[in-house]
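Trainee: Please take me slowly through one part of this model, and through whatever it packs against. I would like the cut-offs behind each term as we go.

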Amino acid sequence: SAAEKGWQRAIEVDPQPACFIVQGRILLAEGKCYDQALLAFYQASSLCKEYHALSGLVQAHLSLGKVKDAVGVAKDAVALMPKAPTAYLLVGRGLDFMMKLPLIGPLLTERLVFLLFFFFFVMLVISNATITGMSLF
């Protein structure tokens, strides 16, 4: 189609993260070619780790049914952007999708929430230890 040719040309001329993000969004919106959308978002995130690329990665993984990978990307987003509320939104999307799984969804979600809070607590302890150590010197 004309849209596909347009963004292919844009990527050839100047490969910017936005080109790959738009390509991935178009492929997700069409409801097919989730593997290609995932590849586009991976290319965008390799150029620049930002919310739209990571959000697309999470959505593409969820579309393919790869919940574990989606939650992993969301955790990476929180690690890269610890003060950005959008990173926590990605984690919430992954957990919401997992909660909707038949039979095992609530059980897995409960365990993941406990693990998530444990890691947030560990990050808080390390952060406070670092600040305390720096204030001593």
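Mentor: What follows is a close look at one helix and its surroundings.

This is a predicted model, in which local features need pLDDT of at least 70 and side-chain atom pairs count only at pLDDT 80 or more, while totals for chains, interfaces and linings use all residues. Residues are numbered from 1 along each chain as its sequence is written, and side-chain values use heavy atoms, with hydrogens and water left out.

The setting comes before the detail. The secondary structure of the chain amounts to seven helices and zero strands, where a helix is a DSSP run of H or I with at least four residues, a strand is a run of E with at least two, and numbering starts from the N terminus. Of the chain's 137 residues, 33% count as buried, meaning under 20% relative accessible area, with exposed meaning over 50% and partly exposed in between (1.4 Å probe, protein chains only).

The part to look at is H4, which covers residues 51-63. Its 13 residues reach 18 Å from the first C-alpha to the last, close to the 18 Å expected at 1.5 Å a residue; the expected span is 1.5 Å times one less than the number of residues. Because 10 of these 13 residues are buried, H4 is largely enclosed by the rest of the structure. The buried residues include Tyr51, Leu54, Leu57, Val58 and Leu62, and also Ser55, Gly56 and His61. After H4 comes Gly65, with a positive phi near 80 degrees.

Axes are lines fitted to C-alpha atoms, for helices over the stretch in contact, and angles run from 0 to 180 degrees between N-to-C directions. The crossing is left-handed, that is, the near helix is turned anticlockwise from the far one by less than a right angle. On the H4 side, Leu54, Leu57, Val58, His61 and Leu62 take part, and they meet residues of H5 including Val67, Val73, Ala77 and Leu80, where contact means heavy atoms within 4.5 Å. By class, the residues of this contact are 10 nonpolar, one polar and one charged; Ala, Val, Leu, Ile, Met, Phe, Trp, Tyr, Cys and Pro count as nonpolar, Asp, Glu, Lys and Arg as charged, and the others, Gly among them, as polar.

Another neighbour is H2 (residues 17-30), whose axis comes within 10 Å of that of H4 and crosses at roughly 30 degrees. The two are therefore roughly parallel to each other, and H2 also passes H4 in a left-handed crossing. Here Ile21, Arg25 and Leu28 in H2 meet His52, Ala53, Ser55, Gly56, Gln59, Ala60 and Ser63 in H4, and the residues of the contact divide into four nonpolar, five polar and one charged. Within H2, Ile21 and Leu28 are among the buried residues, and Gly31, which follows H2, has a positive phi near 80 degrees.

Methods
Parallel < 35°, antiparallel > 145°, perpendicular 65-115°, else oblique.
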